[in-house]
Amino acid sequence: MALRRTIMLTALALAAAALALTVAVVSPGSARTRAGGNDLPLRGSLSGVGSPVLPPGIYFGDVKTGVISHLGRVAYHVEGTYAQNGSGSFDLDGTVVIVTANGDALIGTLHGTTSTGAVVASTVHLTGGTGRFADVSGTWAQTDRNTQTPGEAFPNRGVTTIKGHISY
């Protein structure tokens, strides 16, 4: 009976040690995956108002809201400059800030092109963020389809569609 009890306690001790080792080995890996090892598809749609300023080379801005997968409801803001290039279309370069419902933010850069402002094709590269997005990375393509408000010189109301990936 004593031998059986010793064997049983030894087996339990070994099982507990194996479990502790498993937790020590698996937990850090799991934490790394959640913190920056996942690569999630990203899709979304935003709508709002832009504010281009003429002549080219000055400033553009865009404020939109909408829903982006894995982020939920967001407020989107981009601002930067645009200038006419050698082919007659316009290059846009700016900074993007996206704020989620809980206040965590993503920050990135935008580069786009357009010939009229009615359709702008851009790429956004995420470079950082706050909160759960502190180590964010990702890239997406976005298309802005803009319409002109009567009395404005440039299309300024728009819908943006987003498709790409994010890792955080």
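The following legends describe close-up views of a predicted model.

**View 1. The salt-bridge network of Asp 62, Lys 64 and Asp 144.** The structure holds 2 salt bridges. In one, Asp 62 pairs with Lys 64, with the closest N and O atoms 3.2 Å apart. In the other, Asp 144 pairs with Lys 64, with the closest N and O atoms 3.1 Å apart. Asp 144 lies in strand E7 (residues 137-147) and Lys 64 in strand E2, so this pair ties together parts that are 80 residues apart in sequence. Relative accessibility is 12% for Asp 62, which counts as buried; Lys 64 is buried at 1%, and Asp 144 is buried at 7%.

**View 2. The largest nonpolar core.** This core comprises 25 residues, of which Leu 71, Leu 106, Leu 110 and Ile 166 touch the most other members. Strands E1 (40-50), E2 (60-68), E3, E4 (90-100), E5 (105-114), E6 (119-129) and E8 (157-167) each give two or more residues to it. Beyond its neighbours within four places in sequence, Leu 106 contacts residues including Leu 71, Val 96, Leu 126, Phe 133 and Ile 166.

View 3. Gly 72 is partly exposed, with a relative accessible area of 27%. Apart from neighbours within four places in sequence, Gly 72 is in contact with Gly 66 and Val 67. Gly 72 and Ala 101, 29 residues apart in sequence, have a C-alpha to C-alpha distance of 7.3 Å.

How values were computed
Residues numbered from 1 in each chain as written. Predicted model: local features only at pLDDT ≥ 70, side-chain atom pairs only at ≥ 80, totals over all residues. Heavy atoms only, no water. Buried < 20%, exposed > 50% of the residue type's maximum accessible area, 1.4 Å probe, protein only. Contact = heavy atoms within 4.5 Å. Core = buried A, V, L, I, M, F, W, Y, C linked by side-chain atoms within 4.5 Å. Helix = DSSP H or I, 4+ residues; strand = E, 2+ residues; numbered from the N terminus. Salt bridge = Lys/Arg side-chain N within 4 Å of Asp/Glu carboxyl O.
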